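I opened my notebook today to look up a few things in a two-part model. Here is what I wrote down as I went.

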Amino acid sequence: MADYKLRRSLLYVPGNMPSMLQNIPIFNCDSVIIDLEDAVPLSEKDAARHLVKRFLMQYTDRNKELLVRINPLDTRWGYEDLKVVLPAMPDGIRLPKADTPEIVERLDTLLTEFEEELEVEIGRFGILPSLESALGVINAVGIARSSQRIFALAFGAEDYTASMEIERSRGGEELFNARTRVLWAAKANGIQALDTIFADVGDMEGLRAETELAKRLGYTGKCLVNPRQIEVVHEVFAPKQHEVDYALQVIEAIKRARQLGTGVISLGGKMVDAPVVKRAARVLRTAYAHGMVDTLIDEEAIHGAQ
Amino acid sequence: MALNSLGREIPESYAGRKLVPYGDPYSITPSGKVAARRLRRVNPGASKLLSSLREAIEASGLKDGMTIATHHSLRNGDFLLNRLVAEIAGMGIRGIWIASSSVHPVHAEIIPHIKSGVIAGFHCGVNGLIGEMASRGELSCPIVVRTHGGRARAIMEGSVQVDVAFIAAPCCDEYGNMNGYSGPSACGSLGYAQTDALHAACVVAVTDNLVPFPVVPVSIPQTLVDYVVTVDRLGDPAKIVSTTTRITTDPVGLQIASFASQVIEASGLLKDGFSFQTGSGGISLAVSDKVRGAMHRGNIKGSFGCGGITGYFVEMLEEGLFGALMDVQCFDQEAVKSIARNRAHQEIGADMYANPFNAGAVVNRLDCVILGATEVDTSFNVNVNTESNGYLLHNTGGHSDTAAGAKLSIIVAPSIRGRLPIVRDRVTTVTTPGETIGVVVTERGIAVNDRHPELKEELIRRKLPVKEIGELQREICRVTGTPRPLQFEDQVVAVIEYRDGSIIDAVRRVKE
């Protein structure tokens, strides 16, 4: 599993809009996905990728993860997107229509070639595959395993419902099976699962309800179409104070346990062992990002000294 | 020329008056007494009613070279000043000074009368075309820009002597009792007219809504009013009070508002007894919205909301978040309705609101004020008067008054406006001195004046993006580039008077 990275909010920004690109540094989302695909009209594909490259090159004080959604590799733009944008060092590529493991493997190979050419570490560029069709959802397990670069699976409901020839509803019942399958594939491979966008920017209650559902299922983040959505999503993913308090107690308890030479201890009558500690550590890392605790929990506290 | 303490070149004198360069916000102590006017007597049976504006001007004794005043509570919907000036011109009177509480874009109609010499100058700031033409050298008339509190001070100390105050009275009786609460031109508070009514040599109430005696409640009483005259319409209701401004939906504006509200929470001021002022702009309302939420969550009962009042503050009053509203001007219909029905919604005059030379103005009791800016410099000086093209386009309003009075003044502004950086080495014009500004909030970061070290520490502890103001400037300029400095002629087209009467800056003609 890759190093822990908080990804509650992944904000889409159109790659052809200078006024919006220049505001990327100011928003407090965890990641940005600069879009060269659906947001960019055909006539601007070429200009947009050069604009994005310029922006990335002058954005030296990076304060969030930067992903670029390229056009699918079987279009005439996909390869060119990589060629222009990768030298400006995004953190990763969001791959649309990742329907099969083979498509992801192809991107993996291309990224390796670019890394060699650019003389950067192999594996520098991550991959975030979009599972957004019936085929992609069925293949989720294989896709999750198809590259070491994959840090998360993203579920894309808009294209998925189109491929299913159904409408997307406010309650989202029709997405339930697909959401669950993407989750299983991600969790089984120790990577994150990121939920689909919520398109109605004016409906904050709807956004909150959908994010709460995704969180309950096991998703740890959501893709966003407007910066106004960040606050609600962060609120939903913020741990509750009692969860933070309990997590701190768990970490204290396990430290005491280790001093006693054991990996299991009782806390308030409940057993604390490795999985409980892991969950507590996750709560505390999120709490740190929300400013609810002052120090970031260290690896030694979670796993014990080597 | 003399340099004031901010390094601004101030002429020795302007429009026949010797100028005092600005030194600091709090030191000048007034001497002398409040300016007096003659006693009057109106015997039983005498009528104050006149039939036309011309008759009122004649009765007032207005002559060449005198000074008139109107109030700006009708804002850009005001018809009165234009009609007055046209009437005065028609009567052949010349050399009139205008000492209104503000002049709006709608008053561009009087420009021909400035050119012809009917109007000699302005004892007040100007919004819009008049200032722009003056800046281009196309109008030659002195302009002395004053704050709301500074105007009240100047009239009370007699440095501006108003010969005739024409007070637009939305609801008035034949003996001169008036308020602004009802009628076709209802504007709510008559705060700016209060000082004029008390100190002008002659007071004329002008109304389009004459009602049977007596008007209650009384905002300005009969004892101060010499004449009452009726006109068809005082103004355009649609432009007098705007429909309620909405909270901004612009993500950049919301980001600024979110930072600003977090600054207020971190300041320690947000507790029982909290007092607050904001403007009516979309970002200000977004800040109010977040502060309102925080007050509800913390079960905080504030003391008062102040300033130009919006429906938003009315809701906060009615929800029990404030004990009172101190209202010098109503910004929307909801505020007008509220001031008419709610005793806790108190009308106050500009003197009580913001005058530095009395026994204590309301601004002195403010915890926190949210203010805008067209430019800020690395010494925290703020410009709201001139735009990036150097033109004088805006009046000061209560900006410098509230900044000086409040415990914490917060500037909210987008970091980039019209492709130009908001933070400059040196603002084009200083409106409000940096020593009265606490925090500058932009979407790219928060700069805290060194006068608030504890607040700065707390913001850093809360992981807010605190930056040195120079660092913020460099960051913005990396996006915008550094703008070429404006070029000015030597000719002074306006002076910016600080609230205490000293001169904080001069506006010069733009080199075209």
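My entries go from the ground rules to the chains, then to their interface and some local details.

**Ground rules**

I am working with a predicted model, so I noted that local features need pLDDT of at least 70, that side-chain atom pairs count only at pLDDT 80 or more, and that totals for chains, interfaces and linings use all residues. Residues are numbered from 1 along each chain as its sequence is written, chains are lettered from A and ligands numbered from 1 in the order in which they are written, and side-chain values use heavy atoms, with hydrogens and water left out.

**Entry 1: the two chains**

I started with chain A and found 13 helices and ten strands. Helices (H or I, at least four residues) and strands (E, at least two) are DSSP runs, numbered from the N terminus. The C-alpha atoms of chain A fill a box of roughly 65 × 45 × 35 Å along the principal axes.

Chain B has 15 helices and 29 strands. Its radius of gyration is 22 Å, close to the 24 Å from the globule rule for 512 residues, so chain B is as compact as a globular protein of that length. Its C-alpha box, again along the principal axes, is roughly 70 × 55 × 40 Å.

**Entry 2: where the chains meet**

How many residues of chain B are in contact with chain A? I read off 13 residues of chain B, in contact with 16 residues of chain A; contact means heavy atoms within 4.5 Å. Together the two chains bury about 1100 Å², with 47% of it on carbon and sulfur atoms. Buried area here is the accessible area (1.4 Å probe) that two parts lose on being put together, summed over both. On the side of chain B, Pro251(B), Arg444(B) and Lys463(B) lose the most area to chain A, together 37% of what that side buries.

Next I looked for charged pairs, and the count between chain B and chain A is two salt bridges. A salt bridge is a side-chain nitrogen of Lys or Arg within 4 Å of a carboxyl oxygen of Asp or Glu. Asp61(A) forms one with Arg478(B), where the closest N and O atoms are 3.5 Å apart.

Which elements of chain B give two or more residues to the side that touches chain A? They are helix 8 (251-266) and helix 15 (469-480) of chain B. Helix 8 of chain B gives the largest share, four residues.

**Entry 3: a salt bridge inside chain A**

Over all chains, the structure holds 43 salt bridges. I picked one of them, between the side chains of Asp46(A) and Arg49(A), at 2.9 Å from N to O. Both residues lie in helix 2 (residues 45-58) of chain A, three residues apart, about one turn of the helix.

Two strands pair here if DSSP finds at least two bridges between them.

One open sheet of three strands has the order 9-28-29 in chain B, with mixed pairing. Strand 9 (144-145) and strand 29 (503-510) of chain B stand at the edges with a single partner strand each, so one side of each is left without a neighbour in the sheet. Strand 28 (residues 488-497) and strand 29 of chain B run antiparallel and are joined by six bridges. Ala494(B) stands opposite Val507(B) of strand 29.

Another open sheet of three strands in chain B has the order 21-20-25, also with mixed pairing. Strand 20 (residues 375-377) runs antiparallel to strand 21 of chain B, with two bridges between them. Glu375(B) has Asn383(B), in strand 21 of chain B, as its bridge partner.

Most residues other than glycine have a negative phi, and most peptide bonds are trans. Against that background, I noted a cis peptide bond between Phe213(B) and Pro214(B), with omega about -10°. Another cis bond joins Val216(B) and Pro217(B), with omega about -10°. Pro214(B) lies in the loop between strand 13 (202-207) and strand 14 (227-230) of chain B, and Pro217(B) is found in the loop between strand 13 and strand 14 of chain B.

Is phi of Lys97(A) positive or negative? It is positive, near 50°, and Lys97(A) sits in the loop between strand 4 (92-95) and helix 4 (101-118) of chain A.

Technical notes:
Rg over C-alpha atoms; globule rule 2.2 N^0.38 Å.
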